[in-house]
Amino acid sequence: MDLAINPFSSGTRLRDMIRSIRACKTAAEERAVVRRECAAIRAAISEGDQDYRHRNMAKLMFIHMLGYPTHFGQMECLKLIAAAGFPEKRIGYLGLMLLLDERQEVLMLVTNSLKQDLNHSNQFIVGLALCALGNICSAEMARDLAPEVERLLQNRDPNTKKKAALCSIRIVRKVPDLAENFMGAAVSLLKEKHHGVLISTVQLCTELCKASTEALEYLRKNCLEGLVRILRDVSNSSYAPEYDVAGITDPFLHIRVLKLMRTLGQGDADCSEFINDILAQVATKTESNKNAGNAILYECVETIMGIEATSGLRVLAINILGRFLSNRDNNIRYVALNMLMKAIGVDTQAVQRHRATILECVKDADVSIRKRALELVYLLVNDTNVKPLTKELVDYLEVSDQDFKEDLTAKICSIVEKFSQDKLWYLDQMFRVLSLAGNYVKDDVWHALIVLMSNASELQGYSVRSLFKALLACGEQESLVRVAVWCIGEYGEMLVNNISMLDIEEPITVTESDAVDAVEVALKRYSADVTTRAMCLVSLLKLSSRFPPTSERIKEIVAQNRGNTVLELQQRSIEFSSIIQRHQSIKSSLLERMPVLDEANYLVKRAASTQATVSSVKSTPTVTSGGQPKLPNGVAKPPPAPLADLLDLSSDDTPVTTTAPTTAPNDFLQDLLGIGLTDSSPSGGAPSTSTDILMDLLSIGSTTPVQNGPSTSNFIPPGIETKPVAVTPQVVDLLDGLSSSTPLPDENAAHPTITAFQSATLKITFSFKKQPGKPQETTINATFTNLATTTFTDFVFQAAVPKFIQLRLDPASSSTLPASGNGSVTQSLTVTNNQHGQKPLAMRIRMSYKVNGEDRLEQGQISNFPAGL
């Protein structure tokens, strides 16, 4: 075929093929052109065409860059490399680097050609071989060709030495054992004047330090002086046009040398002392009005922070970062904030001097800078500056962007909780945050606020008055509404009668009707939020007891939810109406103020539940030694009475999921408030899928949700009873027919006593009793004996059972176990096996106690229960 006529012959010039491909209007046309060109190249390859071999390879490289397969041309690369001429070798090596990689078996065939070319008399051919080896060298090739590359490091030509140094980096990365071969050559190359050789050698030294500890020590002894000389010469050199960047001589060499100095000086006081002077010189003499100068200064600061520098040098470095924060370039400010976060651990006082500038960055227009500055401010907070810093952040919260409010609110709340020593200041800050950004406050934060108010009796009046005023002014903040209606329900009489007034307060006039109005408005405003409406109903019920004249009005408000589509609200409405209308005699005692919430227990549960979900730098509340909740024997929560069931004051009966996505499962405060809610469903709610805190401590593992099934296994502290899940809640008047059933007499069952657990220090035996007519129920009497020679104090026994078993633990007879078996402690357990006759009893136990003030923990599993239980 005439090559001049056929535009797609192998003789077509590269530029003509490119022009033809670019002229294609569709992908199909392009594929057709490439397909025909590839066919012509294949034909030329099969015919052994040598005249156009280099041109065909150039075309294949372009086709490869377009994403089409070109594997059929790999052998042509090897043939071009084996050719004698430089043009053919150039195309061959270029094709080798593009079309092949180190994983190709074909590459093994090129090792001999590379070795010949590395020993070639033509420096340009040597350069081609070095470039190819530096790009595609495998471990086998590195071992075979390392001597040739090492020899070329001593070549006279600077370009050859530069390429040999870069190739050595690849060899050291592939085979770290070869690092010792290049240490001496690398040190000698630091005396070169050519900047290309120097920057390549510095990079080689850096790689050697990473590859071998021996190389690191060798370079610390032999190359520091050369590095200092290079940095001093480059810093003091006059204008050199070939290396000048914005008036600074070779900033790239500056940065590479500084990085190597950081590697050598890290953890070595002698090396750090040797380079302190030159680092101070670079930090003070480098201009910061150009980007190249800022890059050198930043690397210098990072080196100072990474070595054992003097305190004065560190202060100088942090001051440079402070200047960066005033720069108009957002990138420079961002890297400065990043570096200051690292510097806090080195010299906090020096960073504190730039606190005002950092606070200004929190208000920056760039969201990345705002977030980074906020994290830095959080790290800067301490007991001495917490109040002014918090005031600045809260003031900014009022005007901040909506997208930034969530992060800012979380940090403010964390700071206030972590550093609050004054309860009044804590309350003021939290009330203001709730007023400004209550929709962004997490559930665990306002739960903790309620716990604190419950424990601060002297501030309850102040709290309810402050929240009432905030509710009238900022009623659209959801978390504020929840906290406010809870407080009004609990401390409504303090609000109306101005009880417990503080000196800083001014009296306010609030009538009983005003308090009811505020809760009613919240109930109507949050018609879509089940949790808030449920809390409003509970608050109204309590106000009916606090303010008897408002009972009729409250009954009408509560009755409006009788037909609510949400079953939870409908049930509450019916039950609460029944309490107000028909049970006046018990209403006052039923609706008494809640007992003081156990703050320590709540903090332990909160710390455990948030540990896995909090990813930002945030302190968790301190718990007792060992991180375990203290549950003393004899202090037990009694089983919920029918009236408590009616008000849903304990969620032990029916585990349900809440509507708030951030609420932690098994939440202490949620249990007490009875606001663990679920949408109405004919089949009832699915149990929570999260793991109980005690299960986490004992590594029971996560539970899986079971639709309409029994509750999950939980460790039961003394005095708490588990009950099965109620599949379909019934809306009934639980106050009618409260007569108690007469218990049947106990009868000893014929079950032998077992040794449930025994270690070197503790022995536990179980004896069993059955009640006639109740084969599922078993009473277990546990006896604990101390086998050690020292007395156990603060003894706590806890147990966990599978889902199909109910367990109740009564208080133990004592919390002290006498030494050497001189006495024992007893405790009663009642278990109900809902699958009696199908599945045997199983139990996991945990015992915690103290020996001479030191916490001890033992745990085990009991699987040797007698049959028939």
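Guide: Two strands pair if DSSP finds at least two bridges between them. The strands themselves are DSSP runs (E, at least two residues), and helices are such runs too (H or I, at least four), all numbered from the N terminus. This is a predicted model: local features need pLDDT of at least 70, side-chain atom pairs count only at pLDDT 80 or more, and totals for chains, interfaces and linings use all residues. Residues are numbered from 1 along each chain as its sequence is written, and side-chain values use heavy atoms, leaving out hydrogens and water.

Now the sheet. It is open and has five strands, in the order β4-β5-β6-β9-β8. The pairing is antiparallel. In general, strands of a sheet pair through backbone hydrogen bonds, either parallel or antiparallel.

Start at the edges. They are β4 (754-758) and β8, and each pairs on one side only. From one strand to the next, the twist averages 25° (axes are lines fitted to C-alpha atoms, for helices over the stretch in contact; angles run from 0 to 180 degrees between N-to-C directions).

One detail: Gln771 has Lys774 of β6 as its bridge partner.

Next comes the pair of β8 and β9 (residues 824-833), antiparallel over five bridges.

Finish on β8 (residues 805-809). Four of its five residues are buried, so the strand is largely enclosed by the rest of the structure. Buried means under 20% relative accessible area, exposed over 50%, and partly exposed in between (1.4 Å probe, protein chains only).
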